[in-house]
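Biologist: I am new to this structure and would like to go through it with you. Please show it first, and then I will ask.

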Amino acid sequence: MSNPRTKIDSSVGVAMPSTLGGTSRPASTTQIDPPVCEASFRGQVSYSDGLVLQEQAVERLRLGDAQEQLFLLEHPHVFTLGRGADSAHILAGKEQLQSSSIEVHETGRGGDVTYHGPGQLVGYPIINLKPDRCDVHRYVRDIEEVLIRTIADFGVTGRRVTGLTGVWVGNEKIGAIGVRIARWITSHGFALNVSTDLKYFQMIVPCGISDKGVTSLSRLTGRVIEMLEVAESASKHFGEVFARTVNIQLHPGLEVNEVRP
């Protein structure tokens, strides 16, 4: 197994230096409002359309034409390969992929092979880490913290595993993370198993890890959990962890709820 730093870096789409530390500055007496992030649940979105959604949001944020975004959605069945992923970690052959209606996409995020599908909450934060959060490892740890707090709302205790990225319950993974950061603007993100059909993970080596399992909120709690409940919880905790004012719109066209850090 590679060292912890290498394993953590595998979840990140680009290598960037840490900027922890620096010269201290005098405290300011000016009240600065936290950044605003628009969180929206998009329902089921194809993986290709999800990529376009992210690319457009990244460009608008870079140009200053839009607020930060947290896209929450589900994908149809798809296996995705991060940069440097081993294609041998997809165990299913072409016929099985076709008969199971599973697409395969290479993508620009970090990490190895993972599965997305119905019953899984996928989150794509499009935020600017400048000026005070320009640290890749901190960003990944913060995403983990969002997921740990989210599943705690449903009575499940998550944890980190040293040297690995994601959120675990016991020896089973419940939340995967694979991100891309360009000019300190983030894309891609996380996948949280809510009521996911876990049999699809048997067709891959999830995240390239062969000696651990996968699980879901519904399996752990023994009950059906509504996706919108989890999306609202994740949005709230995203605002807390990242010090954002999050406007949550779970149903397009309905009233927006504002959550301030």
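Biologist: How many cavities of 30 Å³ or more does a search of the whole structure find?

Modeller: This is a predicted model, in which local features need pLDDT of at least 70 and side-chain atom pairs count only at pLDDT 80 or more, while totals for chains, interfaces and linings use all residues. Residues are numbered from 1 along each chain as its sequence is written, and side-chain values use heavy atoms, with hydrogens and water left out. A cavity is a set of points, on a 1 Å grid over the protein atoms alone, where a 1.4 Å probe fits but cannot get out; points are joined across faces, edges and corners, and the volume is the space filled by probe spheres set on them. With a threshold of 30 Å³ or more, the search of the whole structure gives 2 cavities.

Biologist: Which element gives the most residues to the lining of the largest cavity?

Modeller: The largest cavity holds about 80 Å³ of space. Its lining (residues with an atom within 4 Å of a point) has 13 residues, and the closest to its centre are Thr114, Lys173, Ala176, Asn193 and Phe201. Strand E5 (113-116), E8 and E9 each give two or more residues to this lining; strands are DSSP runs of E with at least two residues, helices are runs of H or I with at least four, and both are numbered from the N terminus. The element that gives the most, with 4 residues, is E8.

Biologist: What share of the residues of the protein count as buried?

Modeller: The protein has 6 helices and 12 strands. A residue is buried under 20% relative accessible area, exposed over 50% and partly exposed in between (1.4 Å probe, protein chains only). Of the 261 residues, the buried share is 52%.

Biologist: Which residues does Val230 touch, not counting residues up to four places away in sequence?

Modeller: Val230 is one of the residues with the most contacts inside the largest core. A contact means heavy atoms within 4.5 Å. Outside the four places on either side in sequence, Val230 touches Leu121, Thr150, Phe154, Leu192, Val194, Leu217 and Ile225.

Biologist: How far apart in space are Thr196 and Gln120, C-alpha to C-alpha?

Modeller: Thr196 lies in the loop between E9 and strand E10 (213-214), and is buried at a relative accessible area of 6%. Beyond its neighbours up to four places away in sequence, Thr196 touches residues including Tyr115, Gln120 and Ser216. Thr196 and Gln120 are 76 residues apart in sequence, and their C-alpha to C-alpha distance is 5.3 Å.

Biologist: Is Val214 buried or exposed?

Modeller: Val214 lies in strand E10. Val214 and Lys173 are 41 residues apart in sequence, yet 4.5 Å apart in space, C-alpha to C-alpha. Lys173 is also among the residues that Val214 touches, as are Leu198 and Phe201. At 14% relative accessibility, Val214 counts as buried.

Biologist: How many disulfides does the count come to?

Modeller: A disulfide is counted where a pair of cysteine sulfur atoms lies within 2.5 Å. Cys134 is buried, with a relative accessible area of 10%, whereas Cys207 is partly exposed at 21%. By the distance rule, the number of disulfides is 0.

Biologist: What is the phi of Trp184 near?

Modeller: Trp184 sits in the loop between E8 and E9 and counts as buried at 14% relative accessibility. Cys207, in the loop between E9 and E10, has a positive phi of about 60 degrees although it is not a glycine. Trp184 also has a positive phi in a residue other than glycine, and the value is near 70 degrees.

Biologist: Which residue does a cis peptide bond join to Lys130?

Modeller: The omega of this bond is about 5 degrees.

Conventions
A nonpolar core is a set of buried Ala, Val, Leu, Ile, Met, Phe, Trp, Tyr and Cys residues joined through side-chain atoms within 4.5 Å. On a 1 Å grid over the protein atoms alone, a cavity is a set of points where a 1.4 Å probe fits but cannot get out, and a pocket is an open set with protein on both sides within 12 Å along at least five of seven lines; lining residues have an atom within 4 Å of a point.
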